[in-house]
Amino acid sequence: MTTASPILAGVVGWPIEHSLSPLIHTIWAERAGIAGYYIPFAIPPAYDDFARAMDGLIKLGFKGVNVTLPHKEHALRYAASSSDLAQTAQAANMLTFSAAGPVAENSDIEGFLSVLKENFGKAAPRSPALILGAGGASRGVAIALKQFGFSEIHIANRTRARADAMASEFGLTVVDWNRRNDALPTAGLVVNTTSLGMIGHPSLDLETENLKQETVVADIVYAPLETKLLAAARRRGCRTADGLSMLMHQAAPGFRAWFGSSAIVDDELRANLVIELARRSGK
Ligand code: ATR
């Protein structure tokens, strides 16, 4: 008698215990009736530790892994080949262990593109997008906005030099951090990619009363689920997209690639994640 081995995949990062990815993939696997495990691995920050861990997972028959901080650049370096998006971002959050070698991809960008489609349909509005922040997450957002077709993208960051560097790399327009409110009345989309608004961090100060009601406001922060920024935007009548939307959508390409089944982002999945977040925050 032969028994099929369960499918193995996982997520690597340092730290990793906060990751919601195991829960997302487990729910999708259960829905599809697939025998499989998606395991979190804490891998220390050095490239050598990462590479050794990947060598081991390949030997164990893993299909692939999601990669989170601080290993997103390591994933690209380790890979035998990488997608155009991962190369442009200079970061990958997915490694698929194919017969031809590890393939690096960036589903953070695809995930944010899905959020844009959910909120705008097929076409970007003619009004500009405003990105707040110029760290790693901001790069993926900028690439997705360009890909989606925003013709004008503004960026504001506390450290001006980082905004200037991204502006010259991606063709963005810099707005001084202290003048960020000036960009609100014309914006069609505002995206917070900073850590402001996260539990334990100061909140992001924005004059949301100056937003148009048709403006979409997105926040990559998901703890708390509704940041002060999103709550204020909702009160203003704007559509909002929270960090959980992006998290669920970035997980889907990995599940499809490794478990070979559809990965539907819906209210039921969201409800399960909301319960888990509430459990963790002791509510
Ligand atoms: P990630 O890779 O997750 O985006 P990061 O590279 O550390 O993380 O970027 C964090 C972002 O939050 C940066 O844009 C940072 O601004 P700086 O470039 O000036 O550091 C922004 N940020 C963090 N704390 C902030 C604060 N108190 N006020 C304004 N921006 C802040």
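Reply: Glu 226 sits in the loop that runs between strand E11 (216-219) and helix H8 (228-236), in what is a predicted model. Its relative accessibility is 37%, which lies between the 20% limit for buried and the 50% limit for exposed, and Glu 226 therefore counts as partly exposed. When its neighbours within four places in sequence are left aside, Glu 226 is in contact with Ala 231 and Arg 234. With Arg 234 there is a polar contact, in which the two side chains are joined at 2.6 Å. Further along the chain, Ala 241 is 15 residues away from Glu 226 in sequence, and the C-alpha atoms of the two are 9.4 Å apart in space.

Helix H9 (residues 243-259) comes within 7 Å of helix H5 (residues 107-120), axis to axis, and the two cross at roughly 125°. That angle makes H5 oblique to H9, and the crossing is right-handed. On the H5 side the contact is made by Ser 107, Asp 108, Glu 110, Gly 111, Phe 112, Ser 114, Val 115 and Glu 118, which meet Ser 245, Met 246, His 249, Gln 250 and Pro 253 of H9. The residues of this contact divide into four nonpolar, six polar and three charged.

H9 also packs with helix H1 (residues 21-32), here at an angle of about 55° and with the axes 10 Å apart. H1 is therefore oblique to H9, and H1 passes H9 in a right-handed crossing. Ser 21, Ile 24, His 25, Trp 28 and Ala 29 contribute from H1, while the residues from H9 include Leu 247, Gln 250, Phe 255 and Trp 258. The residues of the contact of H1 with H9 divide into 10 nonpolar, four polar and no charged.

Asn 93 lies in the loop between helix H4 (84-89) and strand E5 (94-98), and, because its relative accessibility is 2%, Asn 93 counts as buried. Beyond its neighbours within four places in sequence, Asn 93 is in contact with Val 65, Asn 66, Val 67, Lys 72, Glu 105, Asn 106, Ser 107, Asp 108 and Gln 250.

Technical notes. Residues numbered from 1 in each chain as written. Predicted model: local features only at pLDDT ≥ 70, side-chain atom pairs only at ≥ 80, totals over all residues. Heavy atoms only, no water. Helix = DSSP H or I, 4+ residues; strand = E, 2+ residues; numbered from the N terminus. Buried < 20%, exposed > 50% of the residue type's maximum accessible area, 1.4 Å probe, protein only. Contact = heavy atoms within 4.5 Å. Axes fitted to C-alpha atoms, helices over the stretch in contact; angles between N-to-C directions. Parallel < 35°, antiparallel > 145°, perpendicular 65-115°, else oblique. Left-handed = near helix turned anticlockwise from the far one by under 90°. Nonpolar A, V, L, I, M, F, W, Y, C, P; charged D, E, K, R; others polar. Polar contact = N/O pair within 3.5 Å; in protein donor to acceptor, adjacent residues only side chain to side chain.
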